[in-house]
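Please consult the sequence and the structure while reading.

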Amino acid sequence: MKRVTICLLCRGKKLLIGIKKRGPGVGKRNMPGGHIEELEDAKSSAKREILEESGIEVKEGELKQVAVVGFYFDGKYVFESCVFLVKDFVGEAKDTDEMEDFNLYPFDNINDLPFDEMWVADRLWIPLILRDGKEIYAVVNFNADGTKVENFSYKEVKFD
């Protein structure tokens, strides 16, 4: 099992989404994030990954943990994702070695996000956070290649 971060960078009611150039989800629209290094806490990892993948620098105090999502593929636990929300950020995203083609997508109507180009489970958990304002612990069970959600569940929690 790998521990990773996913970072929801918002500017008002818009979410920053780019295209992954390598690693899991290559070619999909996704948010900045990535692996948590040994001896690194999740918040420090999120800050580092945002900078590495988008060129945007955020302060740790701007990062609020809003979820933990466990991702299973064909019943095998693969990723534990610590999800962080940044309610407003300064600067513009730039193409990097890891991500490109960043855009700010409005989520006043949550279905305006490019879910057809993202991980199939994103349409299940992202609205709970952005539309409903929930903090969650979720479990996603994909089929072996990640193209279908076999099962999804969540419970509301509170993070410090």
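In this predicted model, helix α2 spans residues 122-130 and is mostly covered, with seven of its nine residues buried. These buried residues are Asp122, Trp125, Ile126, Pro127, Leu128, Ile129 and Leu130. They pack against several strands, namely β1 (2-11), β2 (14-20), β4 (64-73), β5 (76-86), β7 (136-142) and β8 (149-156).

Strand β1, one of the strands against which the buried residues of α2 pack, is itself mostly covered: seven of its 10 residues are buried. The pairings of β1 with β5 and with β2 are set out below.

| Strand pair | Direction | Bridges | Example of bridge partners |
|---|---|---|---|
| β1 and β5 | parallel | eight bridges | leucine 9 and valine 86 |
| β1 and β2 | antiparallel | two bridges | arginine 11 and lysine 14 |

β1 and β2 form a hairpin with two residues between the strands, and in this hairpin glycine 12 takes a positive phi near 65°.

How many disulfides does a search of the whole structure find? The search finds zero. For cysteine 7, the closest cysteine sulfur is that of cysteine 82; the distance is 10.0 Å, and therefore too far for a bond. Cysteine 10 is likewise in no disulfide, since the nearest cysteine sulfur, that of cysteine 7, lies 11 Å away, whereas a disulfide requires sulfur atoms within 2.5 Å.

Are cysteine 7 and cysteine 10 buried or exposed? Cysteine 7 is buried, because its relative accessible area is 0%, and buried means under 20%. Cysteine 10, at 3% relative accessibility, also counts as buried.

Definitions and conventions
Residues numbered from 1 in each chain as written. Predicted model: local features only at pLDDT ≥ 70, side-chain atom pairs only at ≥ 80, totals over all residues. Heavy atoms only, no water. Buried < 20%, exposed > 50% of the residue type's maximum accessible area, 1.4 Å probe, protein only. Helix = DSSP H or I, 4+ residues; strand = E, 2+ residues; numbered from the N terminus. Contact = heavy atoms within 4.5 Å. Pairing = 2+ DSSP bridges.
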